[in-house]
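Here is a friendly briefing to read alongside the model. Keep the 3D view open and follow the topics one by one.

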Amino acid sequence: MFLIHNSPEQAPLIAAALVGACRMPDGWTTPTQPQTLGVLFDKLLGYKTDFNTLAPATPAEVGGIITDQQQRYELVELMATMEMMCRPIPAALQKSIDEWARSLGVENRVLLLARDLTEQAQTRATVDFYRLNWIGEADALEDPQFKRLLQQYGNAAYALTVEEDPAETARWAKLAGHPKGSLGKELSNFYEKRGFKLPGQIGGANAALAQHDWLHVIGDYDTTAIGELEVTAFMASASKSAGATLGFIGAVSLYETGLLHSLVTHSYSQTLSAPGGVESVVAAIRKGKNCRVDPLSDIDYFSIADQPLNQIRADWGLL
């Protein structure tokens, strides 16, 4: 996740790199871009600057100083996040970021999604997004049964239950029997309060998508648009999974511009640019940075479902 592995001393150069890559000759494409960067750099690195007037850096200048490959990846991912705030994404912006990525020796799944969206290939972008993000990483992509579901039901199989699975439903229904205040009971309440179907029920989340519902509960994030940005930001910051970062960057497009299509929701609003939106996301990034576990790879949530929710939060360093 961008900026969580950078030092405050690196902030001026990284900020200038973003200006060089993403601020077009006639200015920013949308005011949300410099607004978001201003809050990110202030709250995460303690660096205040005006991204409308800051002088740009060149790829050569940045590449000579930022030599760590992970930091280069994260810089390009932040550049791609600036693309996700645009509707449509200007071809000149994508070209600039692609040139920076080539100069820094970066090629990753985030750039693939950005290219799809710049070309307005939304159907292909949707497939790439769900196949390559944390949901696709949890799906049994090579399993013949899953391949059959994809062929028969289409992209919805990545995230939703498309065939009834009583055994899966029973597994999640048992959570209601856990003690009051436990993680399992709180997740059961989470579903009941919202009228959500359980995994295994047709139209409900599949097990891959439902994995993040545990984190809605543990992180105390709602299922509103800003809540989805918060939980995906937390996941990207806390996990080493490349799919987690793609999940957050794609969510910016889903909930800020609606340029990326969703298999789950059909509406969007200017969520990140709404008052307090960026601040909420930054708080989630900081919480993820402080998290002591990788929430996508370290935990079998059913094995801790009977534990008190507040104890889990304390053990994870979230209180």
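## Aromatic cluster and ring pairs

Trp172, Phe190, Tyr191, Phe196, Trp214, Tyr301, Phe302 and Trp316 come together as one aromatic cluster. Please keep in mind that this is a predicted model, where local features need pLDDT of at least 70, side-chain atom pairs count only at pLDDT 80 or more, and totals for chains, interfaces and linings use all residues. Residues are numbered from 1 along each chain as its sequence is written, and side-chain values use heavy atoms, with hydrogens and water left out.

- The structure holds 15 aromatic pairs (rings of Phe, Tyr and Trp, the last by its six-membered ring, pair if their centres lie within 6.5 Å; planes under 30 degrees apart count as stacked, over 60 as edge-to-face and the rest as tilted).
- Trp214 and Phe302 make an edge-to-face pair, because their ring centres are 5.2 Å apart and their planes stand at 80°.
- That pair links distant parts of the chain, 88 residues apart: Trp214 sits in helix α12 (residues 207–219), and Phe302 in the loop between α15 and α16 (309–315). Helices here are DSSP runs (H or I, at least four residues), numbered from the N terminus.
- Trp214 is buried, with a relative accessible area of 2%, while Phe302 counts as partly exposed at 24% (buried means under 20% relative accessible area, exposed over 50%, partly exposed in between, with a 1.4 Å probe and protein chains only).
- The rings of Tyr221 and Phe234 have centres 6.2 Å apart and planes at 50°, so this pair is tilted.
- Tyr221 lies in the loop between α12 and α13 and Phe234 in helix α13, 13 residues apart; both residues are buried.

## Helix α15

- Helix α15 (residues 277–290) has 14 residues and should span 20 Å at 1.5 Å a residue, which agrees with the 20 Å between its end C-alpha atoms (the expected span is 1.5 Å times one less than the number of residues).
- Its buried residues are Gly277, Val278, Val281, Val282, Ala284, Ile285 and Gly288.
- Seen down the axis of α15, these buried residues fall within an arc of 160°, so they line one face of the helix (the arc is that of the directions from the helix axis to the C-beta atoms).
- The cover over the buried residues of α15 includes α2 (32–45), α13 (225–238) and α14 (242–257).

## Helix α1

- Ten of the twelve residues of α1 are buried, so this helix is largely enclosed by the rest of the structure.
- The buried residues of α1 pack against α2, α3 (59–63), α4 (69–84) and α5 (91–104), where contact means heavy atoms within 4.5 Å.

## Pocket and cavities

- The largest pocket has a volume of about 620 Å³.
- Of the 31 residues lining the largest pocket, Leu209, His212, Glu228, Tyr255 and Val264 lie nearest its centre.
- Two or more lining residues of the largest pocket come from each of α7 (122–132), α8 (134–138), α12, α13 and α14.
- There are two cavities of 30 Å³ or more, and the largest cavity has a volume of about 70 Å³.
- α15 gives the most to the lining of the largest cavity, with four residues.
- On a 1 Å grid over the protein atoms alone, a cavity is a set of points where a 1.4 Å probe fits but cannot get out, and a pocket is an open set with protein on both sides within 12 Å along at least five of seven lines; lining residues have an atom within 4 Å of a point. Grid points are joined across faces, edges and corners, and a volume is the space filled by probe spheres set on the points.
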